[in-house]
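Here are a few friendly notes to go with the model below. Please read them with the structure open.

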Amino acid sequence: MLYSLPDIMFHRYILFLFATSWCTLGMPILSTEDYGDKLNSMVKMLHDTCVARSGVKESTIEETKTGKFGNDEKAKRYVHCVWTSTVISDSGDIDMDMVKEICPPKIKNKAPKILEDCFGKYSDQPTLENRLYEMTKCIYKSDPDDFIMF
């Protein structure tokens with residue numbers, strides 16, 4: 001699939017936004033009031049896009065923020081949308097250079113490793129959607145204090 005320059009720029013901006021938020025927002029390192037208008041609008045845009053694509057309920061997303069992962073297909077689609085709109089390609093490649101580059105000092109050394117370790121643990125999943133959902137559960141279990149779901 002070929003993307004236009006605006007599509008590529010949008011995906012890179014979303015990648016930056018997500019990796020920044022994944023590395024800094026935590027449970028909660030920063031409250032939404034600390035994000036600033038621009039970051040809040042981008043998180044909301046990604047959230048709204050993935051909710052629309054997946055049909056997931058807000059209550060389901062709120063549950064995942066506290067580590068309550070069910071087996072909801074819509075939640076899996078939402079998580080897949082968030083990851084593939086940001087730091088993981090549709091073919092399942094992680095842009096680790098970008099993740100490492102934008103992580104704040106507090107978690108710069110642990111976040112990329114947790115992501116990579118959890119992603120690697122679930123390579124046997126039948127679909128990328130399942131793999132990313134299992135990976136996300138693993139990330140929560142590995143570091144619930146710095147887990148991010150929006």
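**Notes on salt bridges and a helix pair**

1. Helix 7 holds both Glu134 and Lys137, three residues apart, about one turn of the helix. The two form a salt bridge, with the closest N and O atoms 3.1 Å apart (a side-chain nitrogen of Lys or Arg within 4 Å of a carboxyl oxygen of Asp or Glu). Lys137 is buried at 18% relative accessible area (buried is under 20%, exposed over 50%, partly exposed in between, with a 1.4 Å probe and protein chains only).

2. A word on the basis: this is a predicted model, where local features need pLDDT of at least 70 and side-chain atom pairs count only at pLDDT 80 or more, while totals for chains, interfaces and linings use all residues. Residues are numbered from 1 along each chain as its sequence is written, and side-chain values use heavy atoms, leaving out hydrogens and water.

3. The whole structure has six salt bridges. One of them joins Lys110 to Asp143, with the closest N and O atoms 2.8 Å apart. Lys110 lies in the loop between helix 5 (96-102) and helix 6 (111-121) and Asp143 in the segment after helix 7, so the pair ties together parts 33 residues apart in sequence. Lys110 is partly exposed at 32% relative accessibility, whereas Asp143 is buried at 13%.

4. In helix 6, Lys113 and Asp117 are four residues apart, about one helical turn. Their side chains meet in a salt bridge of 2.9 Å, N to O. Lys113 is partly exposed at 49% relative accessibility, and Asp117 is partly exposed at 35%.

How values were computed: Helices (H or I, at least four residues) and strands (E, at least two) are DSSP runs, numbered from the N terminus.
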